[in-house]
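Please walk me through this structure, beginning with the overall build of one chain and ending with the details of the other.

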Amino acid sequence: MSAVEILEGGIQTTVQDYPGRRGLLAQGFFPAGPMDHLAFRAANLLVGNPEDAAGLEVTLGNVSFRVGADTLAAVCGAEAPVTVDGAEVPLWQSVQVGAGSELAIGPARGPGFRLYVGLAGGIDVPPVLGSRATYTMGALGGLEGRSLAAGDRLPLGDARGQPQPFAARPEYVRDWELRAMRGPQSAPDFLTEADMEMLFTRAWSVNPNSNRTGIRLEGGTFEWARRSGGIAGGHPSNILDNPYPVGAVNINGDLPVILAPDGPTAGGFVVAATVIHADLWKLGQLRPVGDTVRFRETTIEEAVELDRALDESLRPECLERP
Amino acid sequence: MIAAQRAGVTYRYAGDRALLVEYGEMELDLRLNFRVHAVDDALRADPPAGLVETAPGFRSILLSYDGVRPETLIEHLDGIHDGLEERLEIPSRLIRLPVAFDDSETRKAVRRYADTIRTDAPNVEGGTNVDYVVRYNGFADREELYEAVLGTEQWAGFIGFFPGLPFMFPLDPRETVFVPKYNPSRTWTPEGAVGLGGPCYSIYPVESAGGYQLLGRTLPVYDLRGRNAVFRESPLLVRPGDRVRFHRVEEDELLRLFENVHADRYRYEIEDGTFDVGAYLDWLPSIAAEAGERRARRDQAAAETPVP
C-alpha cells in the first residue's frame, strides 16, 4: 500500500470524510467531516473516488506532503498557490503526481479559508465509530484523533481515474450570503419580529474565535420576546437543554454562533435560524478576520431545490471532459 | 419556526434536514422526558423512510432526515403519538459514583476563569462556584447543598453536548437546586467535573469548555481507549434512562479511584433494573407540598442574588 508523508502540517490539517460520523448524535457526537463539504466532495470526485473516501482538510494553506507512488490528486477550495515539485498546478482540477513527488500548498490569502485535497484511493486510516473523520476534541478518527504534523505518514488506497477539471466551481467572496430558515426557536415565542429582521438584514462580522466547533458573529444585540429564560436560566436566550442541528444559528446570550461540524450536539440556548444544507459549505470558507455574513431567509422548498442542484453538480456525469 | 402544532406537541423546522419535536411546556416535568424516551424507542423500532437518526433532549427530539419531506415524518409521529401507551416501567440502571466536592481541579478551573476571562462575576467569588450555588438557593451552608445533591437519584434524561455527557435531573423534586449558567462561558473544565446549570446536572466527559457551575469532581464517564472494563462495550458510561446516585468522598480518595479506573482495578458500581414510573408518579403528590415550600424559599433567595 502507498503512503503520504507530511512534510509541513500547517496550522490545522486533518483527515476528514463526508458525511462524517452519523448515527451518534444521541451519544453526543456531532458528525465532524469537512467544514466545506462542496470543495471536499469535488476533490474526491475529481480523483475518481467514491463519495465516502477520506481526504485532507487544510486550514489557511502552508502544507506540503510527498506521495509514495504515482497517484491522482486534486486541490479544491480557497485561492492559494499549489505546486507539484515546484511547478504550479491549477485548483479544482485533478493532476497526476508521480511517486516521490512533493505537493505543496502555499498561503491562502483569500477569499476563502480552507482547502481540500483529494487523493485517488482515499486516505486509508481505520474508521472509528463508523467514520475516518477527525474529531480533535474527542481525540478520535483520522490519525490518532489529531491534526497532522511533519513526519506523519498516512496510508493511501489504490489509485485510479483520469485528470479532469470541475465545472461548477463556486464563487468565493469576502461578504458572504448564507441562506437560512427561521427557527426552531424564533419569533414570536423567543425573539421579536424586529430581532428577526435584524438577524436577516445586518452584516455580521466573523469573530477571530471561530473554528470547527462554530462560527462566532458580532454585530448586534437582541431585544428578546421573553423577559427571562424562566427555569432554564436568567437570560432570555436560555431554554431547557435541547438537541441542535448542524448549521444552527445559536444565540449565546447576545452572541450568535453558527454551529459547525465539531460543535455541541445539545445545549440550553435558543436557535433562531438554521443555515440550509446547500449553504453549509460556506462555513468552511469564512475567514475569521474581515469576512462578513448576511443571512437571507429562505423556505424549505427553495432549500430542497438548492440542495438537489448542488448534488447534481457533483455527479460524475457533470464533470467537464478535457 | 413552527411546522405543525397538536395538543401537547409542537413540530419545529430545524433547517431543511432536521425537525425538532417538542412536548408540553418548558417545565421541569420528568413525565415529558419519559414520553421522549417512549417516542424515541418507537422511532428506533420502526424507523420511517428517510430518517437518518434521532437525538433526544429533555422534552424534545431532533429528527435528522434526508430525501423526504418533513410532512411525512410529522404524519409518522402523529401515528406514534396516537398509539402511545403510558409505560409503567423503563429499563434503568443505577450507577453509584463518588464525588469530591469543591476539589482542587474544579477550583483551578474557576481560578483560571477569574484570572483570564471575568474577575467580577458573582459566581467565582472566593475561587469556587460552590458558595454561589449555596447563596442562590438560600442554603444555610455548604453542607445543606451537599445533602441536596446526595439526597436524590439523578435521572439521566439524555446524552449530548460532548460525547458521553449526561444531562441529569433530580428525581426527588424536594432536592431540586437551580443556578444560572456562566456568562460568558468557561474555556477549560477538568474531566469528571460535576456541573449544575439551571436545574440540570452534568458530568464533563473530557477536558472542555463549559457553562455550568462546578460543584466537584467524580470519575471518568467516557473513554474511547477502553482502559477500564466498563468502557470496552461502549465508550460511554451513562445511558439515557439510567439513574446516578452520588456518594461523598475526600479528594485524595477520588484521585486514588481515578487512577484505579485507568489501571482497570476499579469496578464501577452498576445495578441493572427498571424504573417504576407508576409508583414514581403516585409518590410525587405526597411530597408536592414540601417540594413547593422549599422551591418558594429557593426562589426568594434567588431573587436576592445577583446573576452572572
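Predicted model: local features only at pLDDT ≥ 70, side-chain atom pairs only at ≥ 80, totals over all residues.

Chain B contains eight helices and 17 strands, and its C-alpha atoms fill a box of roughly 55 × 45 × 40 Å when the box is taken along the principal axes. Because a compact globule of 308 residues would have a radius of gyration near 19 Å, the 20 Å found for chain B agrees with that expectation.

The domain assignment divides chain B into domain 1, covering 2-87, and domain 2, covering 94-291. The C-alpha centres of domain 1 and domain 2 of chain B are 28 Å apart, and 10 residues of domain 1 of chain B are in contact with 10 residues of domain 2 of chain B. On the side of domain 1 of chain B that touches domain 2 of chain B, helix 1 (30-45) and strand 4 (51-56) of chain B each supply at least two residues, and helix 1 of chain B contributes the largest share, four residues. By residue class, that side of domain 1 of chain B consists of six nonpolar residues, three polar ones and one charged one.

Turning to the contact between the two chains, 44 residues from chain B meet 44 residues from chain A. Strand 2 (9-13), strand 3 (18-23), strand 4 and strand 5 (60-65) of chain B each supply at least two residues of the side of chain B that touches chain A, and strand 4 of chain B gives the most, with five residues. The residues on this side of chain B divide into 26 nonpolar, 11 polar and seven charged.

One residue of strand 3 of chain B, B:Tyr23, can be followed in more detail. B:Tyr23 counts as buried because it has 21 C-beta neighbours inside 10 Å, where the cut-off for burial is 20 or more. Leaving aside residues up to four places away in sequence, B:Tyr23 touches B:Gly8, B:Val9, B:Leu32, B:Arg35, B:Val36, B:Arg59 and B:Ser60. The C-alpha atom of B:Tyr23 is separated by 29 Å from that of B:Phe246, a residue 223 residues apart from it along the chain.

In chain A, six strands form an open sheet in the order 7-6-9-4-1-11, with antiparallel pairing. Its edge strands are strand 7 (87-88) and strand 11 (153-156) of chain A, each of which pairs on one side only. Within this chain, strand 1 (residues 2-8) and strand 4 (residues 61-67) of chain A pair in the antiparallel sense over four bridges, and A:Val4 stands opposite A:Val67 in strand 4 of chain A.

Is helix 1 of chain A enclosed by the rest of the structure, or is it open, and what covers it? Since 10 of the 10 residues of helix 1 (residues 37-46) of chain A are buried, this helix is largely enclosed by the rest of the structure. The buried residues of helix 1 of chain A include A:His37, A:Phe40, A:Arg41 and A:Asn44. What covers them includes strand 2 (13-16), strand 3 (55-59), strand 5 (71-77), strand 8 (94-97), strand 10 (114-119) and helix 3 (300-313) of chain A. Helix 1 of chain A is followed by A:Gly48, which has a positive phi, near 75°.

Methods:
Residues numbered from 1 in each chain as written. Chains lettered and ligands numbered in written order. Domains from an automatic or database assignment. Contact = placed C-beta atoms within 7 Å. Nonpolar A, V, L, I, M, F, W, Y, C, P; charged D, E, K, R; others polar. Rg over C-alpha atoms; globule rule 2.2 N^0.38 Å. Pairing = 2+ DSSP bridges. Buried ≥ 20, exposed ≤ 12 C-beta atoms within 10 Å, placed from the backbone.
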